[in-house]
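Have the view open and follow the points in order.

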Amino acid sequence: MCIRDSSQDDWTLFLPEDRSFQVLSPGTMDWGVKHVLTDLGELKTITYLNKGSQETSEIIYIINYTDYPGGILHEDSTDLLENFFQTSLDGIIEKLNGQLLYYADVSTVYSPKKLYKINYNDGLAVVKGKMYILNDRFYSIQAFSSFQKSTDQSIDRFLDSFKILPASQ
């Protein structure tokens with residue numbers, strides 16, 4: 001579901017069907033599902049993708065989330081979560097053949113969170129992202145851009161607008 005944000009140009013407030021989160025996006029988000037067989041069983045990853053508006057077409061916005069079996073990603077298991085975040089980050093760096101520019105803990109009282117920026121494609125491209133864990137769900141929010149667009153305010157606008165909603169909404 002998209003709700004137009006009248007105070008902010010062409011960006012819309014996006015809520016998926018399950019209303020588990022909301023995010024501001026420069027247009028509609030396409031989505032898909034991927035099933036992966038792991039040691040934990042079959043995991044389903046939902047992906048939402050926006051290739052940007054005319055003004056932000058050089059930026060690709062992505063949200064992925066995966067539900068893990070109950071208790072696997074418990075928020076109180078700080079060492080386990082730190083290892084999970086690090087392994088996830090290492091996987092992104094390896095897949096892109098990239099170089100980590102920065103990695104920071106931006107956790108809140110309510111959920112563990114990490115912020116990162118990776119340079120790839122021989123320094124011509126950048127991905128900036130956040131990783132969240134809440135209630136055995138892993139969220140990855142990313143914005144891919146050219147190096148020249150990597151400081152565009154729309155990237156932070158997208159990443160900072162992401163909010164996990166209470167189950168009752």
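1. Let us start with Tyr65, which is buried, with a relative accessible area of 7%. Please keep in mind that this is a predicted model. Tyr139 also counts as buried, at 3% relative accessibility.

2. Now look at how these two rings meet. The ring centres of Tyr65 and Tyr139 are 5.7 Å apart and the planes stand at 50 degrees, so the pair is tilted. Tyr65 belongs to strand E6 and Tyr139 to strand E10, so the pair links distant parts of the chain, 74 residues apart.

3. The structure holds 14 aromatic pairs. Another of them joins Phe21 and Tyr48 edge-to-face, with 5.7 Å centre to centre and 75 degrees between the planes. Because Phe21 lies in strand E3 (residues 21-25) and Tyr48 in strand E5, this pair ties together parts that are 27 residues apart in sequence. Phe21 is buried at 0% relative accessible area, and Tyr48 is buried at 7%.

4. Next, please turn to the largest pocket, which holds about 820 Å³ of space. It is lined by 22 residues, and those closest to its centre are Thr45, Asn64, Ile92, Lys95 and Phe138. Helix H1 (78-96) is among the elements that supply at least two lining residues; H1 gives the most, with seven. By type, the lining divides into 10 nonpolar, 10 polar and two charged residues.

Conventions. Residues numbered from 1 in each chain as written. Predicted model: local features only at pLDDT ≥ 70, side-chain atom pairs only at ≥ 80, totals over all residues. Heavy atoms only, no water. 1 Å grid on protein atoms, 1.4 Å probe; cavity = no way out; pocket = protein on both sides within 12 Å on 5 of 7 lines; lining within 4 Å. Points joined across faces, edges and corners; volume = space filled by probe spheres on them. Helix = DSSP H or I, 4+ residues; strand = E, 2+ residues; numbered from the N terminus. Nonpolar A, V, L, I, M, F, W, Y, C, P; charged D, E, K, R; others polar. Phe/Tyr/Trp six-rings, centres within 6.5 Å; stacked < 30°, edge-to-face > 60°. Buried < 20%, exposed > 50% of the residue type's maximum accessible area, 1.4 Å probe, protein only.
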